[in-house]
Amino acid sequence: LDDGMVQCWGKNDDGELGNGTFARSTVPVDVIGLAGRVLRIAAASFHTCALLETGGLQCWGASNHGQLGNGSTEPSPSAVFPLGMEAGVAYMDAGGAHTCVLMEGGPARCWGYNNEGQLGNGDYGWGNDILEPGDVLGFPPGAMAIACGDAHTCALIEGGTLMCWGANSSSQLGDGTRTMRTTPVDVVCR
């Protein structure tokens with residue numbers, strides 16, 4: 001919206017509309033709890049995140065896999081800060097049930113569902129969910145953007161390099177294989 005606030009509508013079983021309820025809405029409703037003007041928003045399957053003008057990140061909705069990053073698996077029907085994300089976030093995106101950010105001047109951090117290595121922390125599997133932001137291992141400096149798929153994540157690095165990690169059964173990582181990767185690998189450009 002022009003005032004930097006956010007409205008959502010639709011299904012709301014996990015509080016993904018952010019209006020303080022779990023009731024569906026066929027019309028736009030205001031997200032509550034936002035700590036400032038919103039620059040960017042990312043809507044995943046059952047959670048939503050917003051990058052604030054201040055560099056903070058807030059999320060709301062489902063957290064059954066820790067995708068809100070606040071240390072809990074309880075849903076939140078209003079905006080909350082993931083741990084340590086009150087400032088310093090340069091870019092963000094939300095995937096199926098995970099969230100990733102690029103911090104100003106450096107690291108990428110991800111949290112949430114990690115069944116196929118989409119968090120880039122060197123681990124994967126059922127029960128390996130991460131409830132708070134953690135660093136992506138082997139991530140180079142100079143990242144410009146990050147994008148989360150359902151179970152994989154990619155980043156654009158300064159100079160035009162692409163790196164991806166996570167699920168790869170359909171060769172979605174672009175590394176010339178169908179092997180799952182739990183840390184970033186270069187996309188093979190031809």
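**Entry 1. E132**

I began with E132, which is partly exposed at a relative accessible area of 42%. The model I am reading is predicted. I then looked up where E132 sits in the fold, and found it in strand β10, residues 130-135. I asked next which residues E132 touches once those up to four places away in sequence are left out. The contacts are G69, L83, C110 and W111.

**Entry 2. How many disulfides does the whole structure hold?**

My search returned 3 disulfides. With the bonded cysteines numbered in sequence order, I read the pairing as 1-2, 3-4, 5-6. I then went through the bonds in turn.

**Entry 3. C49 and C59**

I recorded an S to S distance of 2.1 Å for the disulfide between C49 and C59. The torsion about this S-S bond is about 105 degrees, and the disulfide is therefore right-handed. C49 belongs to strand β4 (residues 47-52) and C59 to strand β5 (residues 57-61), so the bond ties together parts 10 residues apart in sequence. I found both C49 and C59 buried.

**Entry 4. C154 and C164**

I found C154 joined to C164 by a disulfide with an S to S distance of 2.1 Å. The S-S torsion of C154 and C164 is about 110 degrees, which makes the disulfide right-handed. C154 lies in strand β12 (residues 152-157) and C164 in strand β13 (residues 161-166), so parts 10 residues apart in sequence are tied together. For C164 I recorded a relative accessible area of 3%, and the residue is buried.

The closest cysteine sulfur to that of C148 is in C100, and I read the distance as 3.8 Å. A disulfide requires sulfur atoms within 2.5 Å, so 3.8 Å is too far for a bond. C148 counts as buried, with 13% relative accessibility. I repeated the check on C8, whose sulfur is 11 Å from the closest cysteine sulfur, in C49; this too is too far for a bond. C8 is buried at a relative accessible area of 11%.

**Entry 5. Aromatic rings**

I describe a pair of aromatic rings by the distance of the centres and the angle of the planes. The structure holds 2 aromatic pairs. Y113 and W126 form a tilted pair, 5.8 Å centre to centre, with 55 degrees between the planes. Y113 and W126 each lie in the loop between β9 and β10, and the pair ties together parts 13 residues apart in sequence. At 13% relative accessibility I list Y113 as buried, whereas W126 is exposed, with a relative accessible area of 69%.

I then examined F139 and W165, whose ring centres are 5.9 Å apart and whose planes meet at 85 degrees, so the pair is edge-to-face. F139 lies in the loop between β10 and β11 (143-148) and W165 in strand β13, so this pair ties together parts 26 residues apart in sequence. I found F139 buried, at a relative accessible area of 14%. W165 counts as buried too, its relative accessibility being 0%.

Key:
Residues numbered from 1 in each chain as written. Predicted model: local features only at pLDDT ≥ 70, side-chain atom pairs only at ≥ 80, totals over all residues. Heavy atoms only, no water. Helix = DSSP H or I, 4+ residues; strand = E, 2+ residues; numbered from the N terminus. Buried < 20%, exposed > 50% of the residue type's maximum accessible area, 1.4 Å probe, protein only. Contact = heavy atoms within 4.5 Å. Phe/Tyr/Trp six-rings, centres within 6.5 Å; stacked < 30°, edge-to-face > 60°.
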